[in-house]
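Trainee: Can we go through this one together? I'd like to start with the strands.

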Amino acid sequence: MVTGKRKPPRRLVSGFHSRNVLPHLKREGGAYFVTFRLAGTLPAELIQKLKRERELIMQQALMAKRPLTWHEQEELFRWYSSRVDAYLDAGHGDCFLKQPEIADLVAGALKFFDGERYELRAWVLMPNHVHVVVWPELSHTLSDILHSWKSFTSNKANKLLRRIGKQFWQEESYDHLVRDDEDMARCCHYTTMNPANAKLRARPEDWKWSSLYRPVT
């Protein structure tokens, strides 16, 4: 169980659902590793290929209409990082988050309600996607938090980019329910190491748009 200062949830609610490409396993009081990306970063043919690969992993759970087991969650996490993230890290599609003004906007939105609606454990902005490890407060759902981030930043970013009326974020996002402290440490490490692994910086702490970054004073 992930430890923290918060009181344990009053009740446990588990659920599994799948929209379009990516599966979702939710639990009240849970923490999540989340990835959301800019629209158009994955071509249609790649999405279909990824969907077929994902279904092989999920087949047993889908047939039994049950939540993924932790082993299946781990397998899906490895599948996601080796397939989807590898493609995103190559910089395909629009990379609006390369622009400092847009990146600052999104980073500010992530941090705005930190400590109030959720706790941010780790986060990073990449050129075309965002990773966040977040622990929602019990009065706020992960879906509501993501909607708030994406709605606010898409409107503001499109105005800055002079592309009013166009889709900024892909509607679908990926989330992984954090199992325990070891899983939390792994997800946070994966998040903050992304700039170094994608060769954007030699040291992850030198990437400005990350929870690991500390400005030189």
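Trainee: How do strand β3 and strand β5 pair, and over how many bridges?

Mentor: This is a predicted model, to begin with. In it, β3 (residues 32–37) and β5 (residues 129–136) are antiparallel partners, joined over six bridges. R37 stands opposite H129 in β5.

Trainee: And what order do the four strands of the open sheet take?

Mentor: The order is β4-β5-β3-β6, with antiparallel pairing. At the edges are β4 (118–125) and β6 (174–177), each of which pairs on one side only. On average, neighbouring strands are turned by 15° against each other, ignoring direction.

Trainee: Which strands does helix α2 touch?

Mentor: Helix α2, residues 70–89, packs on the sheet and touches β3, β5 and β6. The direction of α2 makes about 150° with that of β6. Helix α4, residues 142–161, also packs on the sheet, in contact with β3, β4, β5 and β6. For α4, the angle to the direction of β3 is about 35°.

Trainee: Changing topic: which residues in the largest nonpolar core touch the most other members?

Mentor: F36, L110, L125, V130, V132 and W149, out of 34 residues in that core. β3, α3 (100–112), β4, β5 and α4 each supply at least two of its residues.

Trainee: What is L125 in contact with, leaving aside its neighbours within four places in sequence?

Mentor: L125 contacts A103, V106, A107, L110, V130, W207 and W209.

Trainee: How many residues are in the second core?

Mentor: That separate core has 24 residues, among them I57, L68, V84 and M184.

Key
Residues are numbered from 1 along each chain as its sequence is written. This is a predicted model: local features need pLDDT of at least 70, side-chain atom pairs count only at pLDDT 80 or more; totals for chains, interfaces and linings use all residues. Side-chain values use heavy atoms; hydrogens and water are left out. Two strands pair if DSSP finds at least two bridges between them. Axes are lines fitted to C-alpha atoms, for helices over the stretch in contact, and angles run from 0 to 180 degrees between N-to-C directions. Contact means heavy atoms within 4.5 Å. A nonpolar core is a set of buried Ala, Val, Leu, Ile, Met, Phe, Trp, Tyr and Cys residues joined through side-chain atoms within 4.5 Å. Buried means under 20% relative accessible area, exposed over 50%, partly exposed in between (1.4 Å probe, protein chains only).
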